[in-house]
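Let's take a friendly walk through this protein together. Please have a look at the sequence and the 3D view below before reading on.

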Amino acid sequence: MLIGLVRDSVMQCFCHTCRAPGILPAVSRRSAPIKKTNKIRSKQPRLSKKVKFITTEIRCQEKSRGGLSYEVILAEPAPNVAVPKRPVTPGKNVSVEEIEQKLKAAEERRVSLEAKKMADISNKLAKVEEATRKKDEITNEFITQTKEQLESKMELHVEKREAIISDMKEKLKIHAQEIEKTRETLEQQKANEQKAIEEKLKIAQSLRDENIKKMLDRLKEHERRAELVRQNKAHAQDIDGQQSPIASSG
């Protein structure tokens with residue numbers, strides 16, 4: 001396993017332009033047991049798809065117990081391969097003007113970077129201010145809409161309350177009119193009944209007076225007749241008294 005990982009890691013040539021994925025020749029190694037080690041992860045740089053492949057040879061030799069040394073033999077370099085050039089390092093003899101120019105360029109870069117940073121910060125602040133302004137507008141619009149809705153609801157509630165109150169007043173007015181009409185009717189009925197009672201009392205009084213008068217007349221007639229009867233009786237007794245002495249003398 002370890003050999004395979006090492007083989008995969010060294011299959012790329014040093015110029016980083018090619019890779020040999022083919023089967024490598026046999027590697028000489030001793031039959032000594034190899035200790036298991038942790039899996040080594042090597043990250044290889046990504047290369048372009050259009051590369052030419054060459055073969056390499058790897059020779060492995062165990063230097064110490066548990067350690068291996070590898071000898072990599074590269075094949076001939078592939079033609080038309082762009083070899084990266086090393087950057088040209090400046091010489092030690094640098095003039096003051098070049099240093100000043102570099103310092104000036106560095107200062108200009110620093111100023112441009114600071115200006116860019118300030119511009120970015122200004123843009124961010126502008127975005128924050130714009131977001132804050134939009135949020136305030138949305139909040140104010142929501143407050144305005146809520147206030148208008150509440151005012152409309154309050155107006156509608158007041159209108160309904162006034163309509164209910166006016167309806168109740170109208171009903172109370174009609175009820176009061178009916179009560180007044182009923183009272184007037186009752187007073188009229190009471191007056192009519194009282195008048196009828198007075199008339200009945202007058203009629204009864206007149207009838208009673210007539211009956212009393214008739215009874216008095218009858219009593220007077222009865223007394224007169226009784227007096228006549230008494231007078232007749234007394235006269236008859238006088239006549240009888242006068243006749244009895246004559247009979248006795250005869």
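With a relative accessibility of 49%, Glu162 counts as partly exposed; buried means under 20% relative accessible area, exposed over 50%, and partly exposed in between (1.4 Å probe, protein chains only). Glu162 is found in helix 2. Helices (H or I, at least four residues) and strands (E, at least two) are DSSP runs, numbered from the N terminus.

Before going further, note that this is a predicted model, in which local features need pLDDT of at least 70, side-chain atom pairs count only at pLDDT 80 or more, and totals for chains, interfaces and linings use all residues. Residues are numbered from 1 along each chain as its sequence is written, and side-chain values use heavy atoms, with hydrogens and water left out.

Patches are made of residues with over 30% relative accessible area and no salt bridge, where like charges are joined within 9 Å and nonpolar side chains (Val, Leu, Ile, Met, Phe, Trp, Tyr) within 5 Å.

## A nonpolar patch

Met118, Ile121 and Leu125 form a nonpolar patch on the surface, and together they have about 290 Å² of accessible area (Shrake-Rupley method with a 1.4 Å probe; for residues, only the protein chains shown count as cover). Ile121 lies in helix 2 and is partly exposed, because its relative accessibility is 43%.

## Salt bridges along the helix

How many salt bridges are there? The count comes to ten, a salt bridge being a side-chain nitrogen of Lys or Arg within 4 Å of a carboxyl oxygen of Asp or Glu. Here are some of them.

| Pair | N to O distance |
|---|---|
| Glu107 and Arg110 | 2.1 Å |
| Glu130 and Arg133 | 2.1 Å |
| Arg133 and Glu137 | 2.4 Å |

Glu107 and Arg110 both lie in helix 2 (residues 96-249), three residues apart, which is about one turn of the helix. Glu107 is partly exposed at 37% relative accessibility, and Arg110 is also partly exposed, with a relative accessible area of 37%.

Further along, Glu130 and Arg133 sit three residues apart in helix 2, again about one turn. Glu130 counts as partly exposed because its relative accessibility is 32%, and Arg133 is partly exposed at 38%. Arg133 and Glu137 are four residues apart in helix 2, also about one turn. Glu137 has a relative accessibility of 42%, so Glu137 counts as partly exposed. Shared partners also link salt bridges elsewhere: Glu107, Arg110 and Glu114 are joined into one network.

## The whole protein

The secondary structure comes to two helices and two strands, and from the N terminus on the elements run α-β-β-α. What share of the 250 residues counts as buried? The figure is 5%. The accessible surface of the protein comes to about 23,400 Å², and 57% of that surface belongs to carbon and sulfur atoms. Among contacts (heavy atoms within 4.5 Å) with a separation of 6 or more, 66% are between residues 24 or more positions apart.
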